[in-house]
Amino acid sequence: MTAFWRGKRVLVTGHTGFKGSWLSLWLSSVGAEVFGLALAPDTEPALFEQFGLADNLDHALIDIRDQDAVDKRVRSVSPDIILHLAAQPLVLQSYEDPLATWQTNVMGSCHVMEAARHLSGLCALVMITTDKVYENREWCYPYREVDPLGGHDPYSASKAAMEIAVASWRRSFLTEDGSLRMASARAGNVIGGGDWASDRIVPDLVRALEEGRALEVRNPKATRPWQHVLEPLAGYLRLAQYLYESGAPAYQSSFNFGPEARDVRPVHDLVEAASVHWPGTWTDTSDPTQRHEAQSLSLSIEKARGTIGYHPRTGFEEAVELTMRWYRDVADGADAKTTSLAQIEAFGSP
C-alpha cells in the first residue's frame with residue numbers, strides 16, 4: 001500500500017467528517033499528498049480538529065453544491081485519485097431538510113464527476129454511497145449490487161439517485177483512452193472512535209456515558225451490518241488502486257463493503273457489547289409513530305471479495321472493543337491522533 005500511495009495526489013471530499021478524517025489521516029501516514037474539499041466540521045468536538053489535519057494536508061472549505069468552486073478546486077488539484085465522501089449522511093436530518101440532502105448528495109456528486117471528466121490526466125474516481133441505496137424489502141437476504149435501488153427516507157433515496165447518476169456518467173462520459181475511471185462503493189454501518197454526529201448510536205451512547213445517564217435507544221431490534229471504520233476505508237483504498245492500475249470494466253462498477261454475515265447484529269447487541277468495555281445503562285424508547293427507519297439490512301460482499309480480494313478482518317466484538325477503547329482512552333487524556341495511528345498500524349495494509 002505504501003509504495004502505491006506514496007506521492008499520489010489524492011482529493012478527499014468530505015475530509016472534515018468522521019470517515020473523511022480517518023481516511024485523510026491514513027493517506028497522509030503512508031505518504032500520499034492529500035487535498036481536501038468540504039464544509040467546516042459541524043460537531044463539537046470534531047475529529048478533524050482532534051487530528052490536527054489542517055496542518056497535514058491542503059485544506060479547502062468549499063460547499064459541494066457550488067459547482068464553480070468545485071470545478072476550480074478539482075482543476076487546481078489535478079488529482080490522480082478522488083475519493084468522494086462529502087454528503088449529508090444522516091437519515092433523521094434528511095427528514096428535516098430534504099432539499100439540502102438531495103442538493104448535496106445528488107447535485108454535489110454530479111459537480112464532482114463533471115469536474116473530474118474534464119481533467120487531462122489519468123484519474124480514478126471512487127464515489128461513496130451507502131448500504132441504504134437498495135429498495136429495502138425487510139427480508140433476511142443480503143443485498144447484492146444487482147438488486148433494485150430505492151429508498152424510503154430522503155437520505156436513502158438521494159443516495160440511490162446518486163448511484164443512478166454515477167452509472168449515467170460512467171456510461172456516457174468515460175473516455176476511450178481510459179483516462180477517467182469510476183466506481184461506486186456502498187458501505188455498511190460504520191463505528192469507530194471520533195464519531196461525534198448526532199442521532200448515531202455510538203456517539204449518542206458515549207455522550208450518555210459521559211453524562212452519567214441512560215442511553216435512549218429508539219430502534220433496538222433493527223439489524224445492521226456493523227463494521228469498524230477502517231474496514232470500508234480499506235475497501236475504498238483497494239478499489240481506488242485497482243481502478244488506477246487497470247481500466248478493466250470489472251472494476252468500473254458498484255461494490256458493497258460490509259462485514260461477514262455473522263456480524264450483522266441488532267442495535268441492542270451493539271449497545272450491550274459496548275457496555276462490556278464502558279459500563280452503562282440503556283432504555284428502549286421505541287415509538288411506532290416515529291420516522292421510518294429500515295428494520296433489517298445486510299450486504300453481500302461476495303463481489304468485492306472475488307473481484308478485488310476484499311475481506312473483513314475485524315469481527316463485531318473487536319470492532320466494538322476498538323471503538324469503545326478509543327473513546328475511553330481519549331476521555332482519559334490520550335491523544336486522538338496517536339491513538340488512531342496505532343489502530344491504523346495494527347490494522348495493516350488494505
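The questions and answers below concern this structure.

Modeller: This is a predicted model, in which local features need pLDDT of at least 70 and side-chain atom pairs count only at pLDDT 80 or more, while totals for chains, interfaces and linings use all residues. Residues are numbered from 1 along each chain as its sequence is written, and side-chain values use heavy atoms, with hydrogens and water left out.

Colleague: In which sense do β1 and β2 pair?

Modeller: Helices (H or I, at least four residues) and strands (E, at least two) are DSSP runs, numbered from the N terminus. Two strands pair if DSSP finds at least two bridges between them. Strand β1 covers residues 9-13, and its 5 bridges with β2 are parallel.

Colleague: Which residue of β2 stands opposite Val12, and how many residues of β2 are buried?

Modeller: Buried means under 20% relative accessible area, exposed over 50%, and partly exposed in between (1.4 Å probe, protein chains only). Val12 has Gly36 of β2 opposite. β2 is mostly covered, and the number of its 5 residues that are buried is 4.

Colleague: Is Val190 buried or exposed?

Modeller: Val190 belongs to strand β6, which covers residues 189-191. Leaving aside residues up to four places away in sequence, Val190 touches Phe18, Lys19, Gln227, His228, Val229 and Pro232 (contact means heavy atoms within 4.5 Å). Because its relative accessibility is 17%, Val190 counts as buried.

Colleague: How are α8 and α10 oriented to each other?

Modeller: The axes of α8 and helix α10 (residues 267-277) come within 11 Å and cross at roughly 40°. Angles under 35 degrees count as roughly parallel, over 145 as roughly antiparallel, 65 to 115 as roughly perpendicular and the rest as oblique. Therefore α8 is, relative to α10, oblique.

Colleague: How many residues of the contact of α8 with α10 are nonpolar?

Modeller: Ile201, Val202 and Leu205 in α8 meet Val267, Leu270, Val271 and Ala274 in α10. Ala, Val, Leu, Ile, Met, Phe, Trp, Tyr, Cys and Pro count as nonpolar, Asp, Glu, Lys and Arg as charged, and the others, Gly among them, as polar. The contact of α8 with α10 has no polar and no charged residues, and its nonpolar residues number 7.

Colleague: What is the relative accessible area of Glu138?

Modeller: Glu138 is found in the loop between β4 (123-128) and α7 (154-173). Phi of Glu138 is positive in a residue other than glycine, near 55°. Glu138 is partly exposed because its relative accessible area is 37%.

Colleague: Where is Pro45?

Modeller: The peptide bond from Glu44 to Pro45 is cis, with omega near 0°. Pro45 has its place in the loop between β2 (33-37) and α3 (47-51).

How values were computed. Axes are lines fitted to C-alpha atoms, for helices over the stretch in contact, and angles run from 0 to 180 degrees between N-to-C directions.
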